[in-house]
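Here are a few notes from my look through this one. Keep the viewer open and follow along point by point.

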Amino acid sequence: LQWEPYIGPELVDNGYAYQLAKAAFAASGYQLDVGFYPWARALRLASTASTVSGLFPEYYSASRETDFVFSDPFPGGPIGLFKRVADDTEFSVDPTTDAKAALEALSDKRFGVVRGYINTPEIDSADYLKKEAAGSDELNLKKLRHRRIDVAVIDPYVAQHLLDTRLPEYKGSLEMMQPPLEFKSLHIAFSRRDPNHQAYAAAFNAGLKELRASGQLEAMLRQYGF
């Protein structure tokens, strides 16, 4: 996926997730070949396994188990709600202890989500929320700034990267509500239609275990700002 700052062709070394996957596969004797695509196309290509064997980085979702086998988890980041600094929107219930009650208290707000993204189980299943789907996180931050939505569901690492690189004029006007809703791990999703998917998953998992044990994984997180 093109998902800065985790991974992307414009990032140094293509980003943390790219380097982790490359190193994990190399530890198991595989050479990784990556093509970068927008979310919807990446998901479609990986589902059919016509030209690729999987996609990453991806959140785990039981709903996608039909099409994919998920790798063991590797470190990701938080997911939360961004709001306008000038607004007094805040949690009346701590979402880390009762996410459903925290969201229900915000049911009068317009939530911006990205079309096709996995968020938290509570948000994705909440038919009582006013959810508006956009094509990207960047578009949601723009909608938030211009009052077309009230909160944006987003990873704060992603939000900060967008504010630093594409939307610097928004700095100081948008902020994350505290605390985060959830901390999400990342995975490689291997297409079940690829006949080698079990072997690829086993190879990655073995390499990932090696990276953890050697301290390389922790070093990568520090090196790339996570």
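Predicted model: local features only at pLDDT ≥ 70, side-chain atom pairs only at ≥ 80, totals over all residues.

1. Start with helices α1 (residues 16-27) and α8 (residues 216-223). Their axes come within 10 Å and cross at roughly 160°. Angles over 145 degrees count as roughly antiparallel, so α1 is roughly antiparallel to α8. The crossing of α1 past α8 is right-handed.

2. Now look at who meets whom in that pair. From α1 come Tyr-16, Gln-19, Leu-20 and Ala-23, and they meet Leu-217, Met-220 and Leu-221 of α8. Sorted by type, the residues of this contact are six nonpolar, one polar and no charged. As for spacing, an α-helix has 3.6 residues a turn, so residues three or four places apart point the same way.

3. Next up is helix α5 (residues 137-145). Its buried residues are Asp-137, Glu-138, Asn-140, Leu-141, Lys-143 and Leu-144. What do they pack against? The partners are the strands β3 (74-84), β4 (110-114), β5 (130-134), β6 (151-154) and β7, plus helix α6. After α5 comes Arg-147, with a positive phi near 65°.

4. Last, find Ser-173 in the loop between α6 (156-165) and β7 (174-176). Is Ser-173 buried or exposed? Its relative accessibility is 17%, and buried means under 20%, so Ser-173 counts as buried. A polar atom of its side chain sits 2.5 Å from the backbone oxygen of Tyr-170. Leaving aside residues up to four places away in sequence, Ser-173 touches Lys-83, Arg-84, Val-85 and Arg-145.

Definitions and conventions:
Residues numbered from 1 in each chain as written. Heavy atoms only, no water. Helix = DSSP H or I, 4+ residues; strand = E, 2+ residues; numbered from the N terminus. Buried < 20%, exposed > 50% of the residue type's maximum accessible area, 1.4 Å probe, protein only. Polar contact = N/O pair within 3.5 Å; in protein donor to acceptor, adjacent residues only side chain to side chain. Contact = heavy atoms within 4.5 Å. Axes fitted to C-alpha atoms, helices over the stretch in contact; angles between N-to-C directions. Parallel < 35°, antiparallel > 145°, perpendicular 65-115°, else oblique. Left-handed = near helix turned anticlockwise from the far one by under 90°. Nonpolar A, V, L, I, M, F, W, Y, C, P; charged D, E, K, R; others polar.
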